Amino acid sequence: MPEQPALKQLVPEKATGSLRIATYNVSLNREQAGALTQDLESGHEQARSIAAVIRAVRPDIILLNEIDFVADNLNAKLFQQNFLHWESTDAFGNEAWPMQNIFGSTVNTGEPSGLDLNANQSNDDPEDAWGFGKFPGQYGMALFSRFEIDEAQIHTLQQLKWTTMPGALQPRDPASDSNYYDSATWQQLRLSSKSFWDVPILTPLGTLHVLASHPTPPAFDGPEDRNGCRNHDEVKLIQDYIEAADYIVDDQGRRAGLTPEDAFVVLGDLNTDPRDGGSRSAAIANLLAHPLVAQSGAPQSDGARVAAQSQAGANRSQTGDASQDTADFNDRSVGNLRVDYVLPSANFRVLASGVFWPDLQTVEPPLRNHIKAALDASDHHLVWVDIAPK
């Protein structure tokens, strides 16, 4: 029988003087506008399970993907007040973990474009929004921090046009050997399927630029691969932002980008695996190898390795290290993948990292049952990295 680790062994203590940064696609999206607000007001069990994971990992900064955005960032505030700051001990036995500095903003998902983007003779489908969504704000993002956010210096790139990127991958229809979008439509398309944020946070280690995004999945399209092209270029935007490419102008009309000396961390569900899956992996491969990104081993977990072995299916044909997977996808088609990233800049040392995906067979009941509920709350798992200055 394997040794039974306590929860604190599953999530080691953070080293003194370091920062713990995390990203988590929490699947707190709903089919109807307003539904998530009702769930967060009523103490929904999925949200409790998600919060228990965050309270166990205890990050200083965390990006949540797929939390529906509403006016005044209400859903993020409710999650903070009713779940993270909930004073009772949770299912894991952890106390509250307040993260009262929150940033959220509008996203492209569900925002009507007025265009027929999926060529079905209609312009009001979820696929016709600037980013796929049934209502504005669906699949939104929220950034939580224990430290002050420099609100005046935030840059958002929600409205940045895809065509402004040099060498943009314009989707093509292989049947007709022509561009999938007509010229008028192509000129209007936005690059970000949700948004791209540069959020400076005033940490004890200095100003940290959080580069947050959630590129579209490279699927749910046709042979033109319009979502695959967009995913690639959304990921390429991160590299271009780090390099302060000339074309980058934020939603307020200001030039944006970093200097080589800026401290940053890339956060988000980037929906691309460098080895497996159906994405165009060149953009993520280039980002991972970038000289301004810390070159450290990928976060890993025992649970991911065990899941790939036990679930088999598409996992059998994959070539990447299964212990680096962060998402538990359909094993009949895609298999489990590494798609969620915490990538610090090269002016940091990476002290430790991990994916909250325990091997349940090493955990005794009843904690095993609570962890299983938490893992089932989303098809993604929280990724964390501890950093300190070089």
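By class, seven nonpolar, two polar and one charged residues make up the lining of the largest cavity. Here Ala, Val, Leu, Ile, Met, Phe, Trp, Tyr, Cys and Pro count as nonpolar, Asp, Glu, Lys and Arg as charged, and the others, Gly among them, as polar. The model is predicted: local features need pLDDT of at least 70, side-chain atom pairs count only at pLDDT 80 or more, and totals for chains, interfaces and linings use all residues. Residues are numbered from 1 along each chain as its sequence is written, and side-chain values use heavy atoms, with hydrogens and water left out.

**Cavities**
- The count comes to two cavities of 30 Å³ or more.
- A cavity is a set of points, on a 1 Å grid over the protein atoms alone, where a 1.4 Å probe fits but cannot get out; lining residues have an atom within 4 Å of a point.
- Grid points are joined across faces, edges and corners, and a volume is the space filled by probe spheres set on the points.

**Largest cavity**
- The volume of the largest cavity is about 40 Å³.
- Its lining consists of I67, D68, F69, V70, N73, L74, N75, A76, M141 and A142.
- Both α4 (74-84) and β4 (141-145) supply at least two residues of this lining, and α4 gives the most, with three residues.
- Helices (H or I, at least four residues) and strands (E, at least two) are DSSP runs, numbered from the N terminus.

**Second largest cavity**
- The second largest cavity holds about 30 Å³ of space.
- R48, A51, A52, R55, F83, W86 and D90 line the second largest cavity.
- Helix α3 (residues 45-57) provides the largest share of this lining, four residues.
- By class, this lining has four nonpolar, no polar and three charged residues.

Methods:
1 Å grid on protein atoms, 1.4 Å probe; cavity = no way out; pocket = protein on both sides within 12 Å on 5 of 7 lines; lining within 4 Å.
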